[in-house]
Amino acid sequence: MASVDIPDLPSHVKHVLVTGGGGYVGREVAKLLQTKFGSALKITLADLNAPQPLGNAQTVSGDLSDPSQVAKLFEGEQVDAIMAFQGIMSGGSEANFDLGYKVNVDSHHALLEAARKESAKRTDGKKVIYVYISGLAVYGGDKCLPADFVVPEVTPLFPETSYGTAKAITELYVFDYTRKGFVDGRILRLPTVAIRAGAPSSAASSFISGMIREPLQGLPSECPVASGPEDPAMDTVPIYLSRASTVFRNIAYALTMDQTKFPKFSRTVNVPGITVTPRQIVDALEAVGGKKALDLVTYKKDEAVMHIMSAWPGAFDNTAAIALGFVQDDPKTGFMAAVKDFKDGLSK
């Protein structure tokens with residue numbers, strides 16, 4: 001079995017429910033857990049439509065915003081941990097307010113209530129671990145502009161999108177359910193994941209992976225933050241991201257880490273990332289895919305994307321997260337490694 005750099009599971013964790021398990025990140029984290037723990041860990045993947053089979057994982061379908069359907073996920077099963085990936089992404093949430101709140105808030109409240117009941121049934125005193133996947137859209141305001149270096153521990157949350165607002169609401173839910181002793185919550189604010197495999201998503205950040213993913217497969221891609229390769233924005237728009245494999249490791253680590261590492265007042269971690277520019281993205285594309293791939297990138301500013309990105313800080317202080325045991329990519333080589341990972345994956 002391949003070595004995976006995360007600790008052993010807490011002794012009471014034998015069954016993990018992965019919600020949003022049909023999505024890219026949830027599925028990849030489930031693969032990593034299978035690699036590390038094999039048959040010692042039961043994994044159930046749940047989504048609105050039953051996810052594709054994955055090793056020996058169980059797959060189920062259900063509307064996670066419906067408490068009655070959520071309850072069925074716990075019938076006849078002891079669930080020891082939940083890794084909650086489900087969500088409507090930033091662009092989709094802004095376009096469909098009601099659906100965004102239904103998925104990004106209501107489904108998590110339903111799951112937290114189910115986890116609370118599951119914890120209460122246990123005879124060992126352990127609580128259901130709830131790993132909640134949040135994001136950097138919780139930030140906003142005049143202290144969180146692209147040129148800013150954000151220290152998470154002293155920066156208030158002023159989300160400027162429906163997506164960010166819903167994430168902030170659910171973060172508070174998870175923390176309060178933890179404070180009350182209902183669950184053992186761990187909240188992760190992810191940087192942009194690079195390079196995402198699969199189809200483009202409705203996230204405003206989708207173009208970041210798309211500028212690599214599509215051209216390396218012979219498909220066109222559009223850069224929505226510059227009018228052309230000579231636009232100054234190519235060198236000045238900061239993009240905070242992390243290599244996909246590093247994100248997967250950090251999420252799995254959050255499940256396995258000792259809860260006593262967290263300070264009493266917080267269960268939130270800004271998962272470490274690095275900062276790149278659009279120029280560095282196309283330079284990496286050309287280095288790995290050649291001019292043929294580079295020529296597939298076109299440029300057209302998208303005001304909706306630009307508006308959302310105007311509230312994205314360009315860099316974060318990772319000191320606290322690294323002290324907790326989370327890891328960061330090399331700022332100089334991390335993005336190129338992410339691009340090479342994706343290219344290597346195309347041949348598998």
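The lining of the largest cavity divides into five nonpolar residues, one polar and one charged. Here Ala, Val, Leu, Ile, Met, Phe, Trp, Tyr, Cys and Pro count as nonpolar, Asp, Glu, Lys and Arg as charged, and the others, Gly among them, as polar. Keep in mind that this is a predicted model, where local features need pLDDT of at least 70, side-chain atom pairs count only at pLDDT 80 or more, and totals for chains, interfaces and linings use all residues. Residues are numbered from 1 along each chain as its sequence is written, and side-chain values use heavy atoms, with hydrogens and water left out.

**The cavity**

- The structure has one cavity of 30 Å³ or more; on a 1 Å grid over the protein atoms alone, a cavity is a set of points where a 1.4 Å probe fits but cannot get out.
- The largest cavity has a volume of about 50 Å³, where volume is the space filled by probe spheres set on the points, and grid points are joined across faces, edges and corners.
- Its lining is made up of Ala137, Tyr139, Glu160, Thr161, Ile308, Ala311 and Trp312; lining residues have an atom within 4 Å of a point.

**Helix α9 and its partners**

- Helices (H or I, at least four residues) and strands (E, at least two) are DSSP runs, numbered from the N terminus.
- The axes of α6 (residues 206–213) and α9 (residues 278–294) come within 9 Å and cross at roughly 25 degrees; axes are lines fitted to C-alpha atoms, for helices over the stretch in contact, with angles from 0 to 180 degrees between N-to-C directions.
- So α6 and α9 are roughly parallel: that covers angles under 35 degrees, while over 145 is roughly antiparallel, 65 to 115 roughly perpendicular and the rest oblique.
- Ile208, Met211 and Ile212 of α6 touch Pro278, Ile281, Val282 and Leu285 of α9, with contact meaning heavy atoms within 4.5 Å.
- That α6–α9 contact has seven nonpolar residues, no polar and no charged.
- The axes of α9 and α12 (residues 334–346) come within 10 Å and cross at roughly 45 degrees, so α9 is oblique to α12.
- On the α9 side of this contact are Gln280, Ile281, Ala284, Ala287 and Val288, and on the α12 side Phe335, Met336, Val339, Lys340 and Lys343.
- By class, the α9–α12 contact has seven nonpolar, one polar and two charged residues.

**Helices α4 and α5**

- The axes of α4 (residues 97–121) and α5 (residues 162–179) come within 9 Å and cross at roughly 10 degrees, which makes α4 roughly parallel to α5.
- Residues from α4 that meet α5 include Phe97, His108 and Arg116.
- The α4–α5 contact divides into ten nonpolar, six polar and two charged residues.

**A cis peptide bond**

- Most peptide bonds are trans.
- Ala194 and Ile195 are joined by a cis one, with omega about 5 degrees.
- Ile195 sits in the loop between β8 (192–194) and α6.

Note on methods: On a 1 Å grid over the protein atoms alone, a cavity is a set of points where a 1.4 Å probe fits but cannot get out, and a pocket is an open set with protein on both sides within 12 Å along at least five of seven lines; lining residues have an atom within 4 Å of a point.
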